[in-house]
Amino acid sequence: MISDPKPLTLPCAGFSEILAEAIESGHKFVARFFARYQSGEFVFDQPGECLLGVWDGTTLVAFGGLCRDPYAATPNIGRLRHLYILGDFRGHGIGKSIVEAALARNTTFSEVRLRAGTDAAGRFYDHLGWQRTDAPNATHSMAFDLK
């Protein structure tokens with residue numbers, strides 16, 4: 001049974017499988033993320049930040065998070081980061097559920113940006129209503145009225 005997105009703390013059971021698949025399929029960002037998480041550089045513990053996971057029973061099958069955008073000059077710009085879904089679980093709405101859950105928790109960022117690393121990822125975010133942007137280190141953005 002696939003869970004709804006829930007807060008995630010790493011390391012956890014199942015993350016090594018995600019890491020291995022991501023590396024094998026050329027998604028090096030997962031390994032970079034995990035190294036930065038272990039070093040304390042990205043821990044998703046500041047106001048407005050969250051790291052979420054989705055499980056199939058006790059197996060972690062996807063994760064992604066929302067944090068302050070390190071490429072932005074102001075702290076009110078967030079960044080959707082590190083969305084990854086195991087290959088066997090793609091196409092079932094899990095990515096969308098993580099994005100929606102992360103954005104639903106946003107009480108801090110008036111704009112959220114992301115960088116889609118592939119054309120398929122770009123189309124995914126287009127489909128979710130994100131706008132294309134030429135902001136530094138970003139391909140998409142979404143504005144929020146936090147009133």
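Predicted model: local features only at pLDDT ≥ 70, side-chain atom pairs only at ≥ 80, totals over all residues.
Q: In what order do the elements of the chain run?
A: Helices (H or I, at least four residues) and strands (E, at least two) are DSSP runs, numbered from the N terminus. The chain has four helices and seven strands. Read from the N terminus, the order is β-α-α-β-β-β-α-β-α-β-β.

Q: What radius of gyration does the chain have?
A: The radius is taken over C-alpha atoms, and the globule rule is 2.2 Å times the number of residues to the power 0.38. The C-alpha trace spans about 40 × 30 × 25 Å along its principal axes. For 147 residues, a compact globule would come out near 15 Å, and the chain agrees with that, at 14 Å.

Q: What share of the contacts with a separation of 6 or more joins residues 24 or more positions apart?
A: Contact means heavy atoms within 4.5 Å. Of the contacts with a separation of 6 or more, the share from residues 24 or more positions apart is 60%.

Q: How far apart are the mean positions of the positive and negative charges?
A: Lys and Arg count as positive and Asp and Glu as negative, with His and the chain ends not counted. Each charge is placed at NZ of Lys, CZ of Arg, CG of Asp or CD of Glu. The chain has 15 positive and 16 negative charges, and their mean positions lie apart by 4 Å.

Q: Which residues have the most contacts inside the largest nonpolar core?
A: Buried means under 20% relative accessible area, exposed over 50%, and partly exposed in between (1.4 Å probe, protein chains only). A nonpolar core is a set of buried Ala, Val, Leu, Ile, Met, Phe, Trp, Tyr and Cys residues joined through side-chain atoms within 4.5 Å. The largest has 42 residues, and those with the most contacts inside it are Phe15, Phe63 and Trp130. H1 (15-24), H2 (29-39), E2 (50-56), E3 (59-68), E4 (77-85), H3 (94-104) and E5 (111-114) each supply at least two of its residues.

Q: Which residues does Phe15 contact, leaving aside neighbours within four places in sequence?
A: Phe15 is among the core residues with the most contacts. Its contacts beyond four places are Leu10, Val30, Phe33, Phe34, Leu60 and Phe63.

Q: Which elements do the buried residues of H3 pack against?
A: Buried in H3 are Ile94, Gly95, Ile98, Val99, Ala101, Ala102 and Leu103. The buried residues of H3 pack against E2, E3, E4, E5, H4 (119-127) and E7 (140-143).

Q: Which residues are joined by a cis peptide bond?
A: Most peptide bonds are trans. One with omega of about -5° is cis. Pro11, in the loop between E1 (6-7) and H1, takes part in it. The bond joins Leu10 and Pro11.

Q: Is Phe44 buried or exposed?
A: Phe44 lies in the loop between H2 and E2. Its phi is positive, about 55°, although Phe44 is not a glycine. With a relative accessible area of 8%, Phe44 is buried.

Q: What phi does Asn137 have?
A: Asn137 sits in the loop between E6 (131-132) and E7. At 43% relative accessibility, Asn137 counts as partly exposed. Though Asn137 is not a glycine, its phi is positive, about 60°.

Q: Which residues does Gly48 contact, leaving aside neighbours within four places in sequence?
A: Gly48 is in the loop between H2 and E2. Gly48 has a relative accessible area of 16%, so it counts as buried. Gly48 and Phe109 are 61 residues apart in sequence and 7.2 Å apart, C-alpha to C-alpha. The contacts of Gly48 are Leu66, Thr108 and Phe109.

Q: How far apart are the C-alpha atoms of Val61 and His82?
A: Val61 lies in E3. At 0% relative accessibility, Val61 counts as buried. Its contacts beyond four places in sequence include Ile18, Val54, Tyr84 and Ile94. Val61 and His82 are 21 residues apart in sequence, and their C-alpha atoms are separated by 13 Å.

Notes: Residues numbered from 1 in each chain as written. Heavy atoms only, no water.
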